[in-house]
Amino acid sequence: MPEITILKRPREEAVITQRMFFKKTARGKVIKVLRERYLRDDISCGVDGCRACNTTTQTVLSRSGDTTHKSFPTGHYILPDTNVFLAQMDLIESNYFTPPIIILQTVMEEVRHRSLPLYSRLKALTTTDERKVWVFYNEFRSETAIVREDNETPNDRNDRGIRKAAEWYNSHLTLAHPPIRGRPNLALPKVVLITDDFANHQKADKENIPCISVRNYVDGMKNSDQLLDLLSATGSDEVEPTRAVAGRTALYTDYLPMSTLVAGVKAGQLHQGHFSANQYNYLEGSVPVPAFTKPVLLVGRENMNRAVQGDVVVVEVFNEREWKAPTDEVIDQEATLKNDDAEDSEEEGDDRMVHEHESKALRAEHTKKAPTEKQPTGRVVGIIKRNWRAYVCHIDSTSLTSSNATSLGLQTVFATPVSRLLPRIRLRTRQAPSLVGNKILVTIDRWDITSRYPEGHFVRTLGKAESKEAEQESLLLEFEVPYRPFGKAILDCLPPEGEQWVVPPKSAAVPEWRDRADLRDLIVCSIDPPGCQDIDDALHARRLTNGNIEAGVHIADVSHFVLPETAMDNEAAARGSTVYLVDKRIDMLPALLGTNLCSLRPHVERLAFSVIWEMTINAEIVDVRFTKSVISSKAAFEYGEAQLRKDDPKLNDDLTQSIRLLNTLAQKLKAKRMAAGALNLASPEVKIHLDSSESSDPVDVEQKALHETNSLVEEFMLLANSSVARKTQESFPQTAVLRRHLPPPPTNFEKLQDILQKRKGLKLDVSSSGALADSLDKCLDPKEPAFNTLVRIMATRCMLSAEYFSSGSVSRDTFGHYGLASPIYTHFTSPIRRYADVLVHRQLAAAIGYTPLHPSLHSKMHVERIMEVVNRRHRMAQMAGRASVEFYVGLALKGRNEKEKEVTEDAFVIRTFRNGLGVFVSKLGLEGLVMFKRDTQFDAENYTISVPSSDNGRPDVTISVFDKVTVRIEVEKDKNTQRGRVKMTLVSPVDSRAL
């Protein structure tokens, strides 16, 4: 028996090997945590061929380091401190930035505590094969581990640990490259500390540690011209402020300290919420807060106080005497600030002139407003969390001081974001002339109180504006859609058989058949939109011998292939949703699953999760059962094909009878929903006709045709979702993944109610969903059939958005879905394209005893965190889809403009402004602005605007909300997006080109 020796560490060493820190619990209690760390002397330095390490660990750093830098011709490795990664990640991720990098464990941990998104990017950097990056665990190497000293801040302790590691590396390299007898001593490579912290730099110099700032390091690189533009303005103390910032008086007030903000919100004296910019008026924003039924209005640049769309801000609400009403005028940033200078050489004079211009516009707006229209008004006093990210922009060519394409001089220019909700960004670049006409990515770095605009840095070029590739990528980036290819770790999670995978023959020994119902003989079919490849659902119906009807919904069993906590599961959770664009699809799951192994294709056996009801002929549910199954779909129909089959009196086969039976039940299910108060809302949906399946050139636009079979599928999907929601909530009352639609505040409908009453004499009752449904049914205009659809579209915009939630996170009385009039609801029917559905499948499988529930889905906090991501991704996917349709509608109209002399369409007025009209073209699902340059008579109270007649001597023409007009549609280059934008002018009742 071998002898075992137990070595006890001396007590005096405990101070080095033990780490103590304090942690605040979820309930606010502070606890002391003591962790033992085991120090070692065999942690590799990562340098190839190092004789001192004696380790078999695979190394990634070359023996000589990088020898291309001007300041380090003998070779070097860089060791950046934490702030470099926090401020300069765009630089470090650049393909032009290639020196070997040593990342310390201390730095990794500090980045993780400061910013999880940046930590994720840093981790990705350490695993890429293209870069030479070594993670050194300095906290566990005996020579580099340190302890925090008395009266030393955590930041100072970490800086000292970073310097200690840099010092050790340089001494260690002398051991790694010992002199060889008979050969001249070679100059050794250096480990260079990269820091922009002045104090850290000074201490490193005193300790003779090679040290350099980020800017000076980049200056010495061979491709510095491409890299200097990537430098963040916040990252370096050496960056000169632009003349617009230097020596300028404050334009904004300083933010209150964070402790004051938190205390003020807790006491109810201040209010926290998300900042939303006004798309029609850049001088106005709002912040919805729980304390008021209407959002807090922010009027003027000073009161918005450097808030950017999506920021979590804290506002102070003014005395009620100072409350104002939202704007009735379109105030465009481009028009107001068109002569503003990016470098702003005239400084105070220009500021005063712009301030007077903006103040005049605001004074004209906020006079003579009815007291009932006024809402809480205030100012931003602090920022809880910034929403800054990389924004898609273009360079404003008028802001260039030199247009010489070969000029590499540093210029300060304006980058105009694609989104009108964002301010212009001041940018310093050496590439300005070559960037004009391109879509680029720009990140905001800072917004000083002395600067009218935020300052940022260039990240990369996306391509020429208006090119389809650049436009498509910019659209995905604009809405933060993850579109990277699936990595090897994710693809390794797929079945090794690939496309050859099939459901194995039925056998008790085969895992796929365990506890699965064999439903292959059922007459099952799918009904989907044209061109659908990811078929999530299929249906069947048949008569039973007892006179009742069996109906079933069969959903792709995605959770069989996507297992919890795998690389594929994590990626699907991060993507949250498949994104559908006009000419492409950004999948949530690899195509092998989405369009093949999980897709319920016809005449192929597939794994499914089935919900099967026994119903009476009046669609009363007698029983429901849930089961994993194997099905074989007998047909895949498009909506139109299924409709033709249902309506064809010559067809009476089993499949056709099944569709007719499903349709009969669906009609009765819908009637019951409507009787319970469900809303029949509307949204503008159009179909883009492309030139061919290989081409993405749009040739025409038309409204989507809806068939009975659309409603058939919808009703059974709603029924399945509701049935599953009840089952999972009963089984997992604390963590069931559900979906709710909260009742909208009555104040959301005030404007629409007032317009309907004054313009049409119609009343809109919003006391309940049923009352609203009845009111909408009565909103009719005998002369205009499309009027009811228009009102439903406008009512939809007054609603709150539906959201996913964890059942244990909210009170039971808020579970309901307002629009569907359902007390409980979830999403179960589309797991190929929605991650929430995958989670619901796992919970339902556990609820019926098929598999135990994964521990993560027992954690309410974990489920809440996933729901937050999924809700955001779902919203972004919808917005990206709409933007794609808008882009292609613009391309189709541009083509029509080239073929036809003039494109005109009928439209409805949906909003009146002091200087224009908001109109909606129902045929194209398109909303636009008609602007007037001449003075008009605006009646805000009655929603009318009077404009001069085209014919001299004729009286003014009065136009009101809901009026039908004819508009001329042209396509011009949008100043913000640099892509084709639809421009509308009135043709009738007056030609607005003369106005």
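**View 1. Ala 572 is a buried residue of this predicted model.** Ala 572 has 1% relative accessibility, so it counts as buried, the limit being under 20%. Ala 572 belongs to helix H17, which covers residues 567–575. Leaving out residues up to four places away in sequence, Ala 572 touches Met 588, Leu 589 and Tyr 835. Pro 590 lies 18 residues from Ala 572 in sequence. The C-alpha atoms of Ala 572 and Pro 590 are 9.4 Å apart.

**View 2. Tyr 835 has contacts with residues of several sequence regions, including Asp 569, Met 588 and Ile 866.** Neighbours within four places in sequence are set aside here.

**View 3. The largest nonpolar core has 85 residues.** Trp 613, Phe 716 and Tyr 835 have the most contacts inside this core. Helix H25, residues 835–847, gives the most to the core. Its contribution is nine residues. A second core is separate and has 72 residues. Among its members are Leu 79, Leu 91, Ile 101 and Val 135.

**View 4. Helices H21 and H25 make a left-handed crossing.** H21 covers residues 708–731. The axes of H21 and H25 come within 9 Å. They cross at roughly 65°. H21 contributes Val 724, Lys 727, Thr 728 and Ser 731 to the contact. From H25 come Val 840, Gln 843, Leu 844 and Ala 847. The residues of this contact divide into four nonpolar, three polar and one charged.

**View 5. Three strands form an open sheet with antiparallel pairing.** The strand order is S35-S36-S37. S35 (937–939) and S37 (957–960) stand at the edges. Each edge strand has a single partner strand, so one side of each is left without a neighbour in the sheet. From one strand to the next, the twist averages 20°.

**View 6. S35 and S36 run antiparallel and are joined by three bridges.** S36 covers residues 944–947. Phe 938 has Ile 945 of S36 as its bridge partner.

Terms used: Residues numbered from 1 in each chain as written. Predicted model: local features only at pLDDT ≥ 70, side-chain atom pairs only at ≥ 80, totals over all residues. Heavy atoms only, no water. Core = buried A, V, L, I, M, F, W, Y, C linked by side-chain atoms within 4.5 Å. Buried < 20%, exposed > 50% of the residue type's maximum accessible area, 1.4 Å probe, protein only. Helix = DSSP H or I, 4+ residues; strand = E, 2+ residues; numbered from the N terminus. Contact = heavy atoms within 4.5 Å. Axes fitted to C-alpha atoms, helices over the stretch in contact; angles between N-to-C directions. Left-handed = near helix turned anticlockwise from the far one by under 90°. Nonpolar A, V, L, I, M, F, W, Y, C, P; charged D, E, K, R; others polar. Pairing = 2+ DSSP bridges.
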